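Welcome, and thank you for taking a look at this model with us. Let us walk through how its parts pack together.

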Amino acid sequence: MSGLAHFLEAEAIATVVIGLIPQHIAAMHPPRALNVPFALGRPLGAPDDPALQLSVLRAAMALLDDPGSVPIVAAFESSDVLPLAGNADEWSCPVSFPARSLGSPLVDRVAAEVRALMPWFERGRQSRGRTATGASGLDIEATYYWLSEFLTEHAPTVSPRSALPLGLSFKLAAEDLKAFYLEAGSAGPGRSSAEALNGWFWRETAAGELLIALRTHLADHADPGVRTHARFTLVPESEANRRRT
Amino acid sequence: MRAEDVPETLLNLPCPDFGAPSRADPGPVSERRVAIVSTAGLMQRGDTPFDFGAADYRIIDAESDADLLMTHVSTNFDRTGFLQDTEVVFPLGGLRQLATEGLIGSVARFHYAFMGATDPTALEPAARQLARNLQGEGTNVVLLVPV
């Protein structure tokens with residue numbers, strides 16, 4: 001981010017960086033930066049809070065009028081409480097999943113969850129007017145079936161989108177599956193928090209169990225793209241560390 | 001993030017030395033045409049997703065109805081905010097509001113996205129090309145938004 005600011009400014013494009021990691025801003029000193037106290041993934045503060053988002057933008061654009069010498073670094077002070085944790089009591093999964101059948105295949109349990117969540121996913125899509133799922137090019141049923149095949153002796157060897165490498169399709173399918181759950185989960189009543197949603201996905205759903213199983217199962221996969229995504233981009237470090245301890 | 005909350009893994013990432021910063025003139029407020037440049041790995045549905053090491057960018061047409069998707073490779077940041085409200089990562093509506101308030105001149109039609117996990121020095125050729133695109137579109141200010 002700071003490098004882009006240097007490159008663009010050298011080409012006579014004025015820039016303002018929103019800084020999420022103050023130590024990186026201090027080390028790479030882009031010309032103008034507004035450090036914000038928000039979590040990674042939320043540079044403008046909080047979803048569905050236009051007043052806060054606008055106050056960040058106003059503070060960022062104001063740096064363009066600062067007559068001081070560059071680098072100019074300011075801090076955005078927010079009195080809003082913006083932890084990812086939120087209030088755990090305010091949210092719960094909008095559906096009760098079918099009870100686990102002993103010995104039931106993982107893919108069948110994911111299928112049951114997806115069926116249960118589908119009305120809430122559709123409700124969320126309608127209320128937001130969009131969905132962030134679908135980068136893999138697979139519909140949701142094809143997504144979890146295709147991913148599950150990596151756990152079998154008939155693991156996929158070609159990408160469903162022929163123009164994309166197998167490893168990238170694998171990563172996109174995993175993100176699509178997760179996004180489906182998170183969009184459905186946040187469409188229900190109650191105010192959802194990032195921590196509650198992510199904790200629910202990784203610790204309480206068969207889909208989370210599937211991705212964790214793939215991480216382990218594919219750590220030595222022959223395809224370097226699949227192997228690398230399985231090892232490093234499938235399960236958050238925080239969740240992987242939690243499971244190790 | 002607050003400085004004290006930044007995890008060790010991020011503090012240990014190499015930070016290249018880009019030298020003393022240049023200072024471009026943003027011009028008077030009424031003539032500032034602003035584009036967003038994101039490093040969230042954003043793309044519009046139908047475009048090509050980002051993968052490891054991607055050093056190119058995607059164009060985001062503000063006049064298109066195509067959904068905005070996130071194909072950043074990292075899984076170590078929150079995505080629930082983006083899933084609920086794209087403005088938390090890509091504040092196009094917010095910039096339009098600033099334009100109506102007269103705090104900027106206008107909002108560009110075309111915006112851009114890189115994938116921020118790539119070595120920042122590798123982005124230079126694409127960034128220089130991007131600057132020419134921006135100039136050709138009359139854009140003279142960029143809001144750089146990380147993820």
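A crossing is called left-handed if the near helix is turned anticlockwise from the far one by less than a right angle, and right-handed if clockwise. Helices (H or I, at least four residues) and strands (E, at least two) are DSSP runs, numbered from the N terminus. With that in hand, the crossing of α6(A) and α8(A) is left-handed.

This is a predicted model, in which local features need pLDDT of at least 70 and side-chain atom pairs count only at pLDDT 80 or more, while totals for chains, interfaces and linings use all residues. Residues are numbered from 1 along each chain as its sequence is written, chains are lettered from A and ligands numbered from 1 in the order in which they are written, and side-chain values use heavy atoms, leaving out hydrogens and water.

**The helix pair**

Helix α8 of chain A covers residues 206-217, and α6(A) packs against it at an angle of about 160 degrees, with the axes 10 Å apart. Axes here are lines fitted to C-alpha atoms, for helices over the stretch in contact, and angles run from 0 to 180 degrees between N-to-C directions. The pair is therefore roughly antiparallel, a label for angles over 145 degrees.

| Helix | Residues in the contact (heavy atoms within 4.5 Å) |
|---|---|
| α6(A) | A:Phe170, A:Ala174, A:Leu177, A:Tyr181 |
| α8(A) | A:Ala207, A:Leu210, A:Leu211, A:Leu214 |

The residues of this contact divide into 8 nonpolar, no polar and no charged.

**The cores**

A nonpolar core is a set of buried Ala, Val, Leu, Ile, Met, Phe, Trp, Tyr and Cys residues joined through side-chain atoms within 4.5 Å, where buried means under 20% relative accessible area (1.4 Å probe, protein chains only). The largest one has 100 residues, and A:Phe170, A:Leu177, A:Tyr181, B:Leu42 and B:Leu143 touch the most other members. Its largest share, 12 residues, comes from α6(A), residues 166-185. A second, separate core holds 25 residues, among them A:Ala33 and B:Tyr112.

**An enclosed helix**

Which helix is largely enclosed by the rest of the structure? Helix α1 of chain A (residues 2-10) is, because 8 of its 9 residues are buried. Its cover includes β1 (14-19) of chain A and α4 (124-136) of chain B. A:Leu8, which lies in this helix, counts as buried because its relative accessibility is 0%. Leaving out residues up to four places away in sequence, A:Leu8 touches residues including A:Ile13, B:Leu130 and B:Leu134. Just after α1(A), A:Ala12 takes a positive phi of about 75 degrees.

Key:
Buried means under 20% relative accessible area, exposed over 50%, partly exposed in between (1.4 Å probe, protein chains only). Angles under 35 degrees count as roughly parallel, over 145 as roughly antiparallel, 65 to 115 as roughly perpendicular and the rest as oblique. Ala, Val, Leu, Ile, Met, Phe, Trp, Tyr, Cys and Pro count as nonpolar, Asp, Glu, Lys and Arg as charged, and the others, Gly among them, as polar.
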